[in-house]
Amino acid sequence: MSSITYVTAFIDINQNTQNKSIDWRFDHFCDLARSGINLCVYIDTKWFDRLQTIANIYPNVKIMKMVNLQDTFVSKTCSQIKYTLPSVRNEEKDTADYMMLINSKYEFTKDAIQQNVWNTTHFAWIDFSIFYIFKNKELSAAGLRSLSNDKLASKFFAIPGCWNKQTTNSPQSVNWRFCGGFFIGDKNSVMDFCELCERKFPEYIRSMKCLSWEVNFWAWLETMHKWSPTWYSADHNDRILYVPASFYATQLNKNASFKKTTYSYPKIDSIYDPYTPSSAAYLRFKDQHILNTRFINYRLSDSGHYTFNHPEQLIITKNMRSILHPDTFEPQKHAEMQDKTVHLQKTQYPDDNMCKIYGLEDIRLYEYNDKVRFIATNRNYSPHINVNRMIVGDYDVESMAYLNCRVVEPPQYTWCEKNWIPLVKANDKANDKANDKAKDNDKDKAYDKDKDKANDNDNDKANDNDKDEEYFIYKWSPMEIGQIDPTNNTLRIVKTHMNTVNVPDFRRVRGSTVFIELEVRSQEGLERNELEWNEDTSRSSMTKPQRRAHSAVEGSLVGVVHFSEEKSPREYFHILVTLDKDTFCPIRYSRTFCFQKVGIEFCTGFCIKDNRYVFWISSMDREPEMISIDMEDLPLCNVF
């Protein structure tokens, strides 16, 4: 069920040019109607019949009362006050009628809230022909639908804008502090805004003696009357709909099933300050539960800025291997990984320069050909000065060594590479051969040395032909998956999936954890997933077997991805994603979520245990914790 009513209006003020005719305006409104969102539309008497024709096609379009411009509160107010028009304006477009019309947006929105024909908790204003500004109409329509289906914050008012807050409020030229074509909030917050506009509009006209744009009026409210909406940076394009994720992200610690465990680590000493434990990567390898925890020598302030402990402001990463208890996942054994075992050529910097970042950062662990492997971000072994590159190699759990390391170049030159996520396609024939060979060896131990050599040679040949296939997710929109070319250690893109392109938020998604096989959900979880699907009207055309097939995700791969928004401090958000086990094509994804609060939360470790998702996270790049939640509380309710 949708949570948002979108309000819009069309009143003909005879501004129909060759480029923006009546047909042009209604064509773009049809794009809006086709999105399927709940619309309340105010129309003048002249064009009521045309809108009725559209409403007959799209049941999500609700025609409200017919309104002519002279009937609006703004028009009646202006008729009683002497005013001028701005001195810097488009005289053909920015007429008195146009200024009165755009200043009436709050009036239409207020009426829609009072009637609430869609029985929603949130309301948004959206311009009638807004689709003409979008470069990717399909993605913008998907964004509107996604907002409608999300569980939004109970109290907020968000509005996009182009400019930072201005110190002056001249009505004589347009002030793009706000974009004007869109705003959104909960019912009460939007109503408060509408009533504020109604109270203060006459005062604004009298004090300014000028009928200006609605965005100028709103900027005046912000500076003169302490109106304080949540402003977000945008422009007159698709970004106008990029509502901050904090207003639609689920917070996992609000679920009753949420649990967390804080680990105690031994110290890694430094001649300056002790290293601090941060993000952790998890791998179950045979009967071992392995955790690699990153230790850092810096600290993030509450605003997200770096505080350096090193006198030369070097960022240094160390890593610690831990073995977890199989039942409690509490660390039992700790040992520091040995950086000296990397055995790669260090980057040669000029005499007047030096590398500022050292160590293997953001390690992810994975199994490949019966070995523990790692991939990490690194600067001091990069072939290029001040450029991040990825390093892959073997992770020796017993000797704490990094073995067979190599630097991997990206498909095209970039200055910063991070968050490549490994994918391994297991070769079942190789596994079967290995098992059969082990059984044969158990039956007969009496081999001579020559036979041992022959068998070893045969095994080597079999391994060459039957190796697991190693891939890496390089990008997410479109999804690009590559393999390492052994001739030049460069990632070569071999698979591309386009079904992420028109999914909101995936334009900015990056990899977080490795992907693991998704275990069977409980019947209760399947039923809850199916219920959520049945409530989604955009999928109502699917048959029940189709919906159940989408809910039954056993055998696919599941992992965590993330994206961030530039705030102070930066805000990180996460999404669960499932992939087809054979093709790695994205299948489904969860709602956007944070773990404990909106802010800097990293997650590089993930598994499933006893029908619970388990995450290893850090907050503010420190305070590592193990988080877990029932799988049913984070359903994979969306389909790519």
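Author: Glu623 lies in strand S33, in what is a predicted model. Its phi is positive, about 55°, although Glu623 is not a glycine.

Met620 belongs to the loop between strand S32 (612-619) and strand S33 (622-630). Is Met620 buried or exposed? At 13% relative accessibility Met620 counts as buried, because the cut-off for buried is under 20%.

Now look at what this stretch touches. Ser278, in strand S10 (residues 276-285), makes a polar contact of 2.6 Å with Asp621, side chain to side chain. Leaving aside neighbours within four places in sequence, the residues in contact with Ser278 include Ser618, Asp621, Arg622 and Pro624. Thr293, Arg294 and Ile296 are also in contact with Ser278. Ser278 has 0% relative accessibility, so it counts as buried.

Counting contacts with a separation of 6 or more, 67% are between residues 24 or more positions apart. The protein chain has 12 helices and 34 strands, and of its 640 residues 54% count as buried.

The whole structure holds 49 aromatic pairs. One of them is Phe156 with Phe247: the ring centres are 4.3 Å apart and the planes are at 15°, so this pair is stacked. Phe156 is in the loop between helix H6 (137-149) and strand S5 (157-161), while Phe247 is in the loop between strand S7 (230-233) and strand S8 (250-251), and the two residues are 91 residues apart. Both Phe156 and Phe247 are buried.

Compare that with Tyr471 and Phe584. Here the ring centres are 5.4 Å apart and the planes meet at 70°, so the pair is edge-to-face. Tyr471 comes from strand S22 (residues 469-476) and Phe584 from the loop between strand S28 (571-579) and strand S29 (586-589), so the pair ties together parts 113 residues apart in sequence. Tyr471 and Phe584 are buried as well. Phe584 also has Lys425 over its face, at 5.6 Å from the ring centre.

A charge sits over a ring elsewhere too: the charged end of Arg507 is over the ring of Tyr242, 3.5 Å from its centre. And if you'd like a whole group of rings to look at, Phe157, Phe178, Phe183, Phe193, Trp218 and Trp227 form one aromatic cluster.

Pro478 is in the loop between S22 and strand S23 (479-485). Another cis bond runs from Ser568 to Pro569, where omega is near 5°. Pro569 has its place in the loop between strand S27 (557-565) and S28.

What about the cysteines? Cys210 has 0% relative accessibility and so counts as buried, and Cys594, at 1%, counts as buried too. How many disulfides are there? The count comes to zero, where a disulfide would need a pair of cysteine sulfur atoms within 2.5 Å.

One last thing before you zoom in anywhere: check the confidence. The protein chain averages a pLDDT of 91, and 89% of the residues score at least 70. Over residues 442-462, though, the pLDDT is below 50, and beyond near neighbours in sequence this stretch has six contacts in the model. Residues 533-552 also have a pLDDT below 50, with 31 contacts in the model beyond near neighbours in sequence. Where pLDDT is low, the predicted coordinates should not be read in detail.

How values were computed:
Residues numbered from 1 in each chain as written. Predicted model: local features only at pLDDT ≥ 70, side-chain atom pairs only at ≥ 80, totals over all residues. Heavy atoms only, no water. Buried < 20%, exposed > 50% of the residue type's maximum accessible area, 1.4 Å probe, protein only. Helix = DSSP H or I, 4+ residues; strand = E, 2+ residues; numbered from the N terminus. Polar contact = N/O pair within 3.5 Å; in protein donor to acceptor, adjacent residues only side chain to side chain. Contact = heavy atoms within 4.5 Å. Phe/Tyr/Trp six-rings, centres within 6.5 Å; stacked < 30°, edge-to-face > 60°. Lys NZ or Arg CZ within 6 Å of the ring centre and 35° of its normal. pLDDT = per-residue confidence, 0-100.
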